[in-house]
Amino acid sequence: MSEKVLVIGSGPIIIGQAAEFDYSGTQGCLALKEEGYEVVLVNNNPATIMTDPEIADSVYCEPLTIESIETIIQQEKPDSLLAGLGGQTALNLAVELQGAGILDKYDMKVLGTSIDSIQKGEDREQFRQVMNDTDQPVVESQVITTLDAARSFAAHIGFPVISRPAYTLGGRGGGVAYNEDDLEILMKDGLKASPISQVILEKSIAGFKEIEYEVMRDKDGICISVCNMENIDPVGVHTGDSIVTAPSQTLTDKEYQMLRTSALTIVDSLEVIGGCNVQFALDPNSRQYYVIEVNPRVSRSSALASKATGYPIAKMAAKLALGYRLDELMNPLTGYTYASFEPTLDYVVVKFPRWPFDKFKDANRTLGTKMKATGEVMAIERTLEAAFQKAIDSLDQTLPTFAAINDAWEHIEAPTDARFFAILDLLRQGTSMEKIFDATGIDPFFLHTFSRMIDWEKRLAGDTSVVTVKQAKLYGVSDTKLAEVTGIPVEEWASFRATHDITPSYKIVDTCAGEFEAETNYVYSTYAGVTEIEPLKAEKKALIIGAGPIRIGQGVEFDYSAVKAIESLQKQGYTTVMINNNPETVSTDYETADRLYFEPLKLENILDIAAFEQVDIVFTSFGGQTALNVTESIENHGYKVAGVPASVIEKLEDREAFYDLLQSIDVPHIPGEMCHSAQEARQAADSYQYPLLCRPSYVIGGQGMVVIHSKGELEAALEETEAKHYPLVMDQFITGEEIEVELVSNGEEVFIPGLMAHIEEAGVHSGDSMAVFPAEVDEGISGQIEKYAEKIATHVNYKGIMNIQFLVSGEEVFVLEVNPRSSRTVPIVSKTAAVPLIDWAVQAMIDETMTFPAAKPHIPYIAVKFPVFSSHTLAELDHKLGANMMSTGEGMYLGKTKEQALAKVFEHLPYPDDPASFDEEKDEDFDTWLTSKSATVYHNEAETEEAKRKRIEALKAGITIFSNKATYQAYKDSMEHRNKERIALVQPVKDGVKV
Amino acid sequence: MKGVIQLEDGQFFEGHASGEWASPVEGEVVFYTGMTGYQEVLTDPSYRGQIVVFTYPLIGNYGVSDSGSESEKPQVKGAIMWQCSDEDSHYQADQSLAAYMEEMDIPYLTNIDTREITKAIRTKGTCRASIANTPSAPAPLEAAGQVFEVSKETIEVHGDGGTHLVLIDFGWKQSILDKLLAGGAKVTTVPFRSIADIHGMKPDGIVLSNGPGDPKDVTGHLGELKALLDEYPAFGICYGHQVISLAYGADTEKLPFGHRGANHPVKDLKDGHVFITSQNHNYVVTGESLEDTPLEARLVHVNDGSVEGVVHKEKPIFSAQFHPEANPGPEDAEWMIDEFFTMVQKVGVTTYV
């Protein structure tokens, strides 16, 4: 019998712990299976590839608590535990399992880095001891457990001081204190945030360079450095919020080696087995450095380092955990060198964070020690300017602009997400680099680079000769940028390039700078040099467009779709080409598609690749709205887009056309209309009754969607609306139950695995609502829903996957909207119903003869999906549920009944009648309660400013809040159904049924 | 201005020239894959006469420092880069790389697809190349005897430590001397043509330095060298390692394209440990040639299994094909220098007490 390994995943996506653990976890699980191990996975994040039943032998979407895991251990009897792949969550659980004696009780080995070593890396005191023992300098600091101790330490070393709570994610509860008042607030938050009520206070080393090393170590102590990285933002901004280059750019060889040696010494003395991240601060004016932090596990940085170098850290880490040595594992990219050969780059990499502030206008945009980015993009190029430009192009967002110099300066003095763009703007307006350096401490090397980017803009404004444009391309000036600085439309630049034969070259990532022959499929574009690859030789070649960075409303679930689509296409005999730019994901693992282009998802990049590869078909429905939005343009350039033509998508997405369509087939929709101007909106509002639901066009995740209760609110909303968001949809706001349908259609028939019902009423964004699948819906209603769904899909001869949202109000069923693409809930439905939805969708898109099973799947349990909010880092925002999506991730639990599944969602919370739980509607004296140590749950659903303030205060204190009646009711109702049932997902139906 | 590098087989690559040259600049073309350390590479005597291609595209980011060189001046014949910076922002920088290259009159090309040249070299093997303003075929003649150009004429004494070491000069790097001085030695550098003089110095140990080109260039000195090695503890680095091997009857051969870079894993057969090394060599001691000698391979390259260091079966002599003194490259092999000091001290004790 093969050995069984229990793997703990990282759970729902939150800021600080995101899709990178899907990538690492998937790689790790596959590596274990490759070695013949049986893998039992516990991870309650349904949106990932990692929880796909094909990745592990048993997948438990169950709570990540030691009680829950102990039950699973009893059921599965694993031989060992691998905790290094599931981020801080898994590491903390491993420490707890050990502490509670559970690992000993069930005689389980720990694979990889030992618990002892984990604690040495994580526990501040033990860590300092290791640093002292190995002569590694650390910043003067002290472990603090009381406010008084904090005050006296700060008095001793002087402000500013940095606070870092122990055992927390993404710097949760931490920050910089510039004075006594700051300190008091930080201590309160920090001590609360730390599960062991411990905060480390340290001397501020703001202005130092921040450098990271990704190190691998095997059981025999062989250590290598896979990659080093330099943060462009000096120490003070969390590395997850920093713009980062790989390799370091401003370090001499002596500095590079000094820190490398230090990193290796530390990792060796911690006896890490697997991957480890070491962060340093380096004085820009001397050789003085400090070790900031060690993460004895794979991390966001290791995912980035893997993608930056091509060296698969998580995969190798899993194998090292099994006992392999670095000099016996082959480097899969070269197939010649061993895993002990340190990667070397012959290109530059820029990582750029993706922040949620485009959605959260009220959030505090200042960056510090607490991470705020939801995701990131990466760019590969051979000049730094071009790498920056590509990274910006990959962000897929409206870039910040500044009305006045002072506005720009605001983002510079206290760094915000807009700092980079503010710097560019100041340089554009002639501010000196010295002045910017003084304010930011950003190394002049980088400022020079930014300045050259501006020089190109200026030069191109007056000179668009072929020679100049060609040169500008070397430095990354995209067609969009050319259009912006010259005023000549982007399409004309595309034809200008075609006329003058200005096309990018494609080079490969091979870990060895070309020293050895490598058969890699990992490609980037550049104008610096020649193309070194041939288009893939293939009978049928498909291009799959990815979803870009993780952001609110477009998360890891879209990566799931893209990856499953690639698998399906490969099975159907297609050669697959993937374009994406998110370093955290499985889709950008070079082993996923037959060829990976790590590129921005701008039309320019997509079309250049499509032309080079001469692809037969392009898939735009598996990369969220980002991919769907380019459908029409791709079609206009003569490529075949899989599924339905852009005209059909337009009919389904354009509100006016869609309402016409629904009327023509007798499917009811909410009363409402399209408004092309503020004037039209006012007129429309007059013809309906408040409340109204107002949504702008071309947005993701309900951005800017508001419920309007009065004329005053309407005016305020119109004020906020940018011109490009017209037309607005103005709908009657009707309350009722929201039902979602995921369907696959071959044009003539549709397959609906079941209905998903929201717990909260319509009006709460579907991404933020809890939902039940399969839902128990009155037969009459469900029949009507399915009939409407079928009518819509077959009417437009829809091929592929589609999501439809319905509103049920009494006996009436209305269509709310259609998403003619793979949606957020596809992985949940697919996994719960054990139906390969994406696979069937792909088949329906490429194969005329594809049919679906007539019977509904038998689903042996009920799943509840619940949203997860990153309030730990965005506590200043009122998390009252509404039309604008705020959650960063989602989780899922299974139960024999809906109540049992719901009970798991709330099982970590106290009973509603417990003093730890405060109900604004019946309990009194909120302020006193808030300061009580046990305060855990707060319920207040009022719309008032006072309610908002209280919710925010509660959130800041780390309390779970309920802002919606239905959610709160579900919590209360679930209490009597608490259970210890731990259920593994059933394996999926293997193939589509072909007749 | 246009610049071209042309390889022996006629392939050429166009870019920008750093100047206008009356006649082509010729040399053996090699590539360096390290991402930092350009100043050390340019001034390392082991690169004497070679044209170095830097695979990392951004060269010169942190400028050039007066104290950062491995010898007084650049040793390379020319350099090929994608980008050569004319700015510097590092606190230790005294000038930009572009300014330094101009001052030192080292021809270089930029805007060259360095990855393509690297691939050409890895496919065809190390070859001759010419840098010029128009394509120009390099003379087919192999350069030889570079070691005679870099070894100094005079004997020099450095430091005043308690352990007296002789560094035999085949073109030593500053870092080797620095590391020996840091270890507490007084170091006398002796040109390899003056080996006979060493006996009179009664050193505690001998270090054979790195150097450029073919170790068989010094075949004429192997006899007197062996006599010296038989008597003193010795440590050979790179060229020095090859010369020790030759002196005891082993053979060397030329690798198809050499080992160069800062990322080469080497395994110590004594304890199985693997560490990353900095390398720069075209020639290698062949494994089978060690068979009938008193030497055995102690260190081997993880990727290709080639000999990376030997140890004498009876005498206190060992060697490294790579650069334990680093600069550029990782410091993982510095223990070898410590081990040499320990060995020297041990021998000292047994001899004189």
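Guide: In helix 18 of chain A, residues 479-486, the buried positions are A:Asp479, A:Lys481 and A:Leu482. The arc they cover around the axis is only 160 degrees, which puts them on the same side of helix 18 of chain A. As background, an α-helix has 3.6 residues a turn, so residues three or four places apart point the same way. The model is a predicted one, and what follows should be read with that in mind.

Just past the end of helix 18 of chain A comes A:Gly487, with a positive phi of about 80 degrees.

Next, the chain that holds this helix. Chain A contains 34 helices and 37 strands. Its radius of gyration is 27 Å, close to the 30 Å that the globule rule gives for 995 residues, so chain A is as compact as a globular protein of that length. Taken along the principal axes, the C-alpha trace of chain A spans about 75 × 75 × 65 Å. Buried residues make up 60% of the 995 in chain A. Among contacts in chain A with a separation of 6 or more, 70% are between residues 24 or more positions apart.

The domain assignment divides out three parts of chain A: domain 1 (4-111), domain 2 (123-307 + 321-349) and domain 3 (527-642). For domain 1 and domain 2 of chain A, the centres over C-alpha atoms are separated by 25 Å. Where these two meet, 15 residues of domain 1 of chain A are in contact with 13 residues of domain 2 of chain A. On the domain 1 side of that contact, helix 1 (20-34) and helix 3 (87-99) of chain A each supply at least two residues. By class, the residues on this side of domain 1 of chain A are 7 nonpolar, 6 polar and 2 charged.

The nonpolar interior comes next. In soluble globular proteins, nonpolar side chains tend to be buried together. Here the largest nonpolar core has 380 residues, and those with the most contacts inside it are A:Val7, A:Ile544, A:Val864 and B:Ile80. Leaving aside residues up to four places away in sequence, A:Val864 touches A:Met770, A:Val772, A:Met892, A:Tyr893, A:Lys898, A:Ala901, A:Leu902 and A:Val905. Another core, of 17 residues, lies apart from the largest one and includes A:Cys675, A:Ala685, A:Ile708 and A:Met730.

Between the chains, 41 residues of chain B are in contact with 43 residues of chain A. On the chain B side, helix 3 (114-124), strand 15 (252-268) and strand 16 (274-285) of chain B each supply at least two residues. Helix 3 of chain B gives the most to this side, with 5 residues. Sorted by class, the side of chain B that touches chain A has 14 nonpolar, 18 polar and 9 charged residues.

Chain B itself is built from 8 helices and 19 strands. A compact globule of 353 residues would have a radius of gyration near 20 Å, and the 20 Å of chain B agrees with that. The box filled by the C-alpha atoms of chain B, along the principal axes, is roughly 70 × 45 × 35 Å. Of the 353 residues in chain B, 59% count as buried. Residues 24 or more positions apart make 73% of the chain B contacts that have a separation of 6 or more.

Chain B is divided into domain 1 (2-132) and domain 2 (151-352). Their C-alpha centres in chain B are 27 Å apart. Across the boundary, 22 residues of domain 1 of chain B are in contact with 22 residues of domain 2 of chain B. Strand 3 (25-32), helix 1 (38-43) and helix 3 of chain B each give two or more residues to the domain 1 side. Strand 3 of chain B has the largest share of this side, 3 residues. The domain 1 side in chain B comprises 7 nonpolar, 10 polar and 5 charged residues.

Notes:
Residues numbered from 1 in each chain as written. Chains lettered and ligands numbered in written order. Core = buried A, V, L, I, M, F, W, Y, C linked by C-beta atoms within 7 Å. Buried ≥ 20, exposed ≤ 12 C-beta atoms within 10 Å, placed from the backbone. Contact = placed C-beta atoms within 7 Å. Helix = DSSP H or I, 4+ residues; strand = E, 2+ residues; numbered from the N terminus. Nonpolar A, V, L, I, M, F, W, Y, C, P; charged D, E, K, R; others polar. Rg over C-alpha atoms; globule rule 2.2 N^0.38 Å. Arc of directions from axis to C-beta. Domains from an automatic or database assignment.
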